[in-house]
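Hello! Here is the structure I promised to pass on to you. Have a look at it first, and then read my notes below.

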Amino acid sequence: MMRMLWHKAWIETRFRTLLPTFMILFMLFQLHVKGLLQITNVRLMASLPVFWLIAPLVLAGCGIYTEAPFRAVKGIEGSMYFTLALPVSRRLLLGMRAAFGMLETGVFIAVVCGMAALAFPEVRASVSLTDGLKYWAAVLVCSTAIYGLSTLFSTFLDQQWQVLATVATTFAVRMLTGDDGFAAMGSSSPVMTHAMPWTAMGISAAFGLVCLAAAVKVVEARQY
């Protein structure tokens with residue numbers, strides 16, 4: 001049963017990282033052509049966090065509604081009720097889906113970083129392997145805040161509203177607090193400071209876990 005759940009999650013989410021992968025690599029290529037692909041480029045480090053958050057945003061929940069990626073209609077599987085009718089608890093179902101989506105997010109970050117290092121000599125020259133691994137860990141942990149929030153919204157909103165609500169909430173909190181929560185994935189990331197942003201990582205992980213716990217409560221209580 002667990003293998004089937006993971007396979008079903010893979011079938012329904014396998015193409016969702018293609019867009020953010022293309023967007024990040026295209027941005028890096030444009031900067032490479034212009035000779036601006038430098039870690040000290042303020043514009044680059046300010047833009048990267050926004051692109052990193054696209055993957056956890058669209059992978060969150062990953063398939064309770066079996067929505068098709070990049071479409072505001074029901075997915076071609078049309079299997080939401082089949083999924084919910086499987087002989088597993090809703091808590092386990094959401095947990096498996098959330099774990100698989102987070103795994104995909106981690107692989108996505110690693111693949112994009114690896115491709116950037118292979119394709120662009122500026123990246124290899126300015127980022128050591130150690131700092132690269134620290135950066136991967138920081139981006140992954142910090143993305144759990146967006147992942148948890150989007151997962152929570154996915155339990156009671158359609159995909160298009162899930163995405164819009166997550167983006168709106170994220171930027172509203174950022175504006176109200178005046179704190180750049182993206183800095184740990186950009187200007188304050190390990191490739192810049194050579195140190196782990198533990199505070200930002202801890203806050204992000206705690207917020208993500210709270211949202212996931214709330215998502216479990218909603219899934220268990222809701223009538224689909």
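Two residues are in contact when they have heavy atoms within 4.5 Å. In this predicted model, residues 24 or more positions apart account for 80% of the contacts with a separation of 6 or more.

A word on how to read the values: residues are numbered from 1 along each chain as its sequence is written. Local features need pLDDT of at least 70 and side-chain atom pairs pLDDT 80 or more, while totals for chains, interfaces and linings use all residues, and side-chain values use heavy atoms, leaving out hydrogens and water.

The protein has 11 helices and 0 strands; these are DSSP runs numbered from the N terminus, with at least four residues (H or I) for a helix and at least two (E) for a strand. Of its 224 residues, 47% are buried, meaning under 20% relative accessible area with a 1.4 Å probe and protein chains only, where exposed is over 50% and partly exposed lies in between.

Leu5, Lys8, Ala9, Glu12 and Thr13 are buried in helix 1. They sit on the same side of helix 1, because their arc around the axis is only 115°, taken from the directions from the axis to the C-beta atoms.

Finally, find Cys113 in helix 6 (residues 90–119). Cys113 is partly exposed, at 25% relative accessible area. Beyond its neighbours within four places in sequence, Cys113 is in contact with Trp52 and Tyr135.

Enjoy exploring!
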